[in-house]
Amino acid sequence: MRILQIHNFYKVPGGECGVVEAERRLLEEHGNTVLQFAVDSREIDSMPLLKQGLAFVQIPWNVGVARRLVSFVHKHRPDVVHVHNVFPLLSPSVYHALSRSGVSVVQTVHNYRFLCPNGLFYVKGKVCEACQEQSYWAAVKNCCVHESMITSALYASAVAWGWRSGTFSSCIDRYIALNSFSFGKLVAAGVPKDKVRVCGNFVSNFSEAPPAKQPYALYLGRLSAEKGLKTLLAAAGSVPDCLSSSQELDRWKLICVEPSACLGWSTLSSLGMLQERQSDVSLPKPYAPPHPRNAMKTSLSRWWSHWP
């Protein structure tokens with residue numbers, strides 16, 4: 001099978017980007033041909049100022065990307081397209097382009113961008129679903145995206161138009177929700193139930209026996225407020241090693257509690273080595289069941305994979 005992956009890689013690497021690459025490797029190992037139509041947000045800083053501005057205003061709908069994608073699909077003829085993230089450089093225009101090309105489209109919902117312009121259901125230290133309960137104008141008023149009213153307006157218009165134009169409901173053939181909470185939110189927003197499947201993140205390598213443990217905890221994840229890191233670091237005084245997989249390390253070092261050590265961005269092989277030794281895994285969410293707004297994390301899946 002020929003599978004086309006579409007993804008906008010983030011400036012700060014995270015679990016979503018890791019899933020894209022892990023999925024590609026898994027599919028190829030099973031004899032599939034995987035193509036990628038991808039961009040990287042890290043390229044924005046090196047763009048000329050005019051090009052940066054043009055990319056910025058095209059967050060809701062990028063005509064140039066849609067044209068390039070139609071040509072790409074016609075040239076490579078994939079059997080199915082798997083979309084992961086389209087913001088900020090691709091835009092929802094890719095769904096219309098794929099629909100016109102007549103190819104089946106699957107969308108994995110890694111976050112809540114289809115329902116919440118900042119993708120988190122979390123604003124200013126609190127759980128927030130104002131855009132679903134009121135209107136997407138709430139995101140503009142609250143400056144939910146990068147604390148910018150203009151940026152929030154662009155993302156809000158992209159999401160609002162995606163629903164009002166029927167793009168999200170008619171141009172995507174299947175949604176993959178990572179948990180039942182996401183499933184319920186998509187259905188409540190108007191996606192037919194038969195278009196949504198629940199399928200959590202995966203790992204492909206499993207340990208055959210429990211490894212010997214050492215007395216430290218391991219945090220795997222992006223360094224950002226919604227992860228509950230202030231709670232974790234406040235309790236980290238007795239933890240000898242605190243691994244943080246993020247490039248925003250310097251900002252968070254200021255509140256790290258000694259003798260914990262922030263080890264910075266790490267490769268998956270290093271994570272595997274550390275995971276085999278830690279006595280506990282830390283996933284400090286500022287909100288908890290019965291409202292599981294965060295999907296089954298890849299980091300937790302990896303940790304469980306070391307137990308038979």
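How many salt bridges does the count come to by the rule applied here? A salt bridge is taken as a side-chain nitrogen of Lys or Arg within 4 Å of a carboxyl oxygen of Asp or Glu, and by this rule the count comes to five. The structure is a predicted model, in which local features need pLDDT of at least 70 and side-chain atom pairs count only at pLDDT 80 or more, while totals for chains, interfaces and linings use all residues. Residues are numbered from 1 along each chain as its sequence is written, and side-chain values use heavy atoms, with hydrogens and water left out.

Side chains of opposite charge can pair when their charged atoms come close. Lysine 11 and aspartate 45 meet in a salt bridge at 3.1 Å, N to O; lysine 11 belongs to the loop between S1 and helix H1 (15-29), whereas aspartate 45 belongs to the loop between S2 and helix H2 (49-57), 34 residues apart. Burial is described by relative accessible area (buried under 20%, exposed over 50%, partly exposed in between, with a 1.4 Å probe and protein chains only). Lysine 11 has a relative accessibility of 36% and therefore counts as partly exposed, while aspartate 45, at 58%, is exposed. A further salt bridge, at 2.6 Å from N to O, is formed by the side chains of glutamate 129 and lysine 185. Because glutamate 129 lies in the loop between strand S6 (126-127) and helix H5 (130-133) and lysine 185 in helix H9, this pair ties together parts that are 56 residues apart in sequence. Glutamate 129 is buried at 10%, and lysine 185 is partly exposed at 23%.

Helices (H or I, at least four residues) and strands (E, at least two) are DSSP runs, numbered from the N terminus, and two strands pair if DSSP finds at least two bridges between them. Strands S1 and S3 run parallel and are joined by five bridges, with glutamine 5 standing opposite histidine 82 in S3. Strands S3 and S4 also run parallel, joined by four bridges, and here valine 83 stands opposite glutamine 107 in S4. The chain passes from S3 through H4 to S4 in a right-handed β-α-β crossover, a term that applies if, with the strands pointing away from the viewer, the path from the first strand over the helix to the second runs clockwise. In S3, six of the six residues are buried.

Helix H4 spans residues 93-101, and its buried residues include Val94, Tyr95 and Leu98. The buried residues of H4 pack against several elements, among them strand S1 (2-9), helix H3 (63-76) and helix H8 (167-170), where contact means heavy atoms within 4.5 Å. After H4 comes glycine 102, whose phi is positive, near 75°.

Aromatic rings of Phe, Tyr and Trp (its six-membered ring) pair if their centres lie within 6.5 Å, and planes under 30 degrees apart count as stacked, over 60 as edge-to-face and the rest as tilted. A search of the whole structure finds 10 aromatic pairs. The ring centres of phenylalanine 37 and phenylalanine 72 are 5.5 Å apart and their planes stand at 70°, so this pair is edge-to-face. Phenylalanine 37 lies in strand S2 (residues 33-40) and phenylalanine 72 in helix H3, 35 residues apart, and both phenylalanine 37 and phenylalanine 72 are buried. Ring pairs also link Tyr95, Phe114, Trp163, Phe168 and Tyr175 into a cluster.
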